[in-house]
Amino acid sequence: MTKSNERKLTIARAMAEATAQEMRIDPSVFVMGEDIAALGGVYGNTRGLLDEFGAERIRDTPISETAFIGAAVGAAQDGMRPLVELMFVDFFGVCFDAIYNLMAKNIYFSGGNLKVPMVLMTSTGGGYSDGGQHWQCLYGTFAHLPGMKVVAPSNAYDAKGLMTAAMRDDSPVVYMYHKGLQGMGWLGTEAGATVHVPEESYTVEIGKAKVVREGRDVSIVSVGMGVHNALKAAKKLEEKGISAEVVDLVSLVPLDRETIRASVAKTGRLIVVDEDYQSYGLSGEVIASVTEHDISVLKAAPKRVAFPDVPIPYARVMEQFCLPNPDKIVAAWDEMGALQPA
Amino acid sequence: MAPTRDEQHWMYRNMVTSRRFEETIAKIYFEGKSPAFNMANGPIPGEMHLSDGQEPVAVGVCAHLTPEDVVTATHRPHHRAIAKGVDLDKMAAEIFGKATGLSGGRGGHMHLFDADVNFACSGIIAQGMGPAVGAALSRKMQGKPGVAVAFVGEGAVNQGGWHEAMNLAAVWNLPFVCVIEDNAWGISVAKSAATAVPTNDVRAAAYGIPGERVEGNDPFAIYEAAGRAIARARAGEGPSLIEVETYRLAGHFMGDAEGYRPEGEKDGLFEKDPIPAMRARLLKDGAASEEELAAIETESEARVEKAIQFARNSVDPAPEDALTRVFAA
């Protein structure tokens, strides 16, 4: 039942709304990328912008990521605030030099004499059998390299506020939105991502995690789609009498280690859920945030529910076998050998 | 249009300053690096790419630019930086890795940024193309004056990013000029072994823009070609491509034994050193007197000496400052 004062938006619409509102008040903001103008973005996140702002500020590019992401760096250093789309994060392979060697390093190399106020928005995730070059997450790849802020909203409220915050940031922000949360029916949308979004412009702080469900027995930490899997797992655990807390990281860089530590200090147990590859990534970093700080808070060894270290397979059964899901999270709890709570 | 008398003096002054700067850097570079050559030692550690011989390109182009125009350059940046007006004291200090350097020692000789004169360089081939095209886009969108020039080497044209940026500049009709400094060598690989066409000006046809080749490392001819391209960009008529034949009198980097060069090639190059050639031409044309040229040379040397002293006398950065300025303040 929808409450009368609710204004439910998809992440796609929330992103477009934030962009439009910022473009109305800041003439230096413009959007460029592949199919972002007439098409409104493959994932709907620039829909309606061309009509309001025209082709000069809503700029379709050639299929030429190295050039237009490099150009965004140059424009950002010259006083503009580009919002650039890398259609699939998987495509980073053709243009990463512009991203990690220029966008991410020029503030530092200039000793802070330059600002690089640009947002690189890119789609991640999937789970709809699009094969191994169209739905990786690559959170760890981007978050590993210094000089980029990295955010990944799990719902439309955060999506709008993070987009506004990212566009106002003087440092580069990689905005990783999840295809399965976009509200595009053809991608099998997660309903929990479509939530109430205030009409007025607002920001969500970059670098601040959110406890989205309070609990006592275990902390399930994740981002993006993983948050929804964690919430579903928490419900299943509740049926078993287990009280799970769920932490939505919201932002990977900066990483809110304090919120993670505070949650695990309370629950004593940690499960990290990550749709990105398991090794050398987000899940290990979250666990290290706890263990290198105070290992004594842990009542059990932490667990990870992440994508195994294999390329993403096409066949439906293989793909779904690899993906994290609520049952795997529940199984992780069982494997922890945790004592049943009193 | 030929350079004015003042412009000719400016060009000669910047060529001499660049050469004196690099000669001084070259000497200091070997301090602490003998008897065993270790790149990490001495007051100037790391790789060092000198531009001796390529000065005419920098001055011929930058004579048309003002501080508000944007330049991106390469791993071999000093001649362009000097011609663009980068603060020489801070640039020297950056090369020495000092706290007073352009970025407080975070960038080094391949990563010089001077926002006051819109100069930036970077260490990977063709990397400056995108940012220069983006700066040109920014000026066009803001309706602000200024053009963007990307200096690249002739090896850069074989990078995909070079082509992408050329196409983007052309399809968006941006105030952009790409200047290719053809020194004939990509480290040890000759241009003829790397590039399918003898000269790269013909590549302009692929973008439907003017392309011009300047032979002979001649600062006057470069000035004229650059003048045409930059005027076109300023008039909103779109990008241009210029390839300039130039010579690398030094190795790719300091310590390069240059065994790949055909025997005698460098002897011939030194005979074509553009600085004595320009000096002789200024005298012959009556564009400068011996006294004027001597004064320019003395001033240039003093300017370099001051910068080097500034760098030597500056303090090292605090090591822990390495952890700062990753993000904008």
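Modeller: Let us begin with a definition: an axis is a line fitted to C-alpha atoms, and an angle between two axes runs from 0 to 180 degrees between N-to-C directions. Please note that this is a predicted model.

Biologist: At about what angle does helix α1 of chain A run to β2(A)?

Modeller: Helix α1, residues 11-25 of chain A, runs at about 135 degrees to β2(A). Helix α1(A) lies across β2, β4 (81-88) and β7 (173-178) of chain A.

Biologist: In what order do the strands of the open sheet in chain A stand?

Modeller: Two strands pair if at least two bridges are found between them. In chain A, the order is β3-β2-β4-β5-β7-β6-β12, an open sheet of 7 strands with mixed pairing. Its edge strands are β3 (58-60) and β12 (251-253) of chain A, each of which pairs on one side only. On average, with direction ignored, neighbouring strands of this sheet are turned by 20 degrees against each other.

Biologist: In which sense do β2 and β3 of chain A pair?

Modeller: Strand β2(A), residues 29-33, pairs with β3(A) in the parallel sense, over 3 bridges. Within this pair, Met32(A) has Arg59(A) of β3(A) as its bridge partner.

Biologist: How many residues does each chain bring to the contact between chain A and chain B?

Modeller: The contact takes 35 residues from chain A and 35 residues from chain B. On the side of chain A that touches chain B, α3 (65-77), α4 (96-103) and α5 (106-109) of chain A each supply at least two residues. Helix α3(A) gives the most to that side, with 11 residues.

Biologist: Which classes of residue make up the side of chain A that touches chain B?

Modeller: That side has 17 nonpolar, 13 polar and 5 charged residues.

Terms used
Residues are numbered from 1 along each chain as its sequence is written. Chains are lettered from A and ligands numbered from 1 in the order in which they are written. This is a predicted model: local features need pLDDT of at least 70, side-chain atom pairs count only at pLDDT 80 or more; totals for chains, interfaces and linings use all residues. Helices (H or I, at least four residues) and strands (E, at least two) are DSSP runs, numbered from the N terminus. Two residues are in contact if their C-beta atoms, placed from the backbone, lie within 7 Å. Ala, Val, Leu, Ile, Met, Phe, Trp, Tyr, Cys and Pro count as nonpolar, Asp, Glu, Lys and Arg as charged, and the others, Gly among them, as polar.
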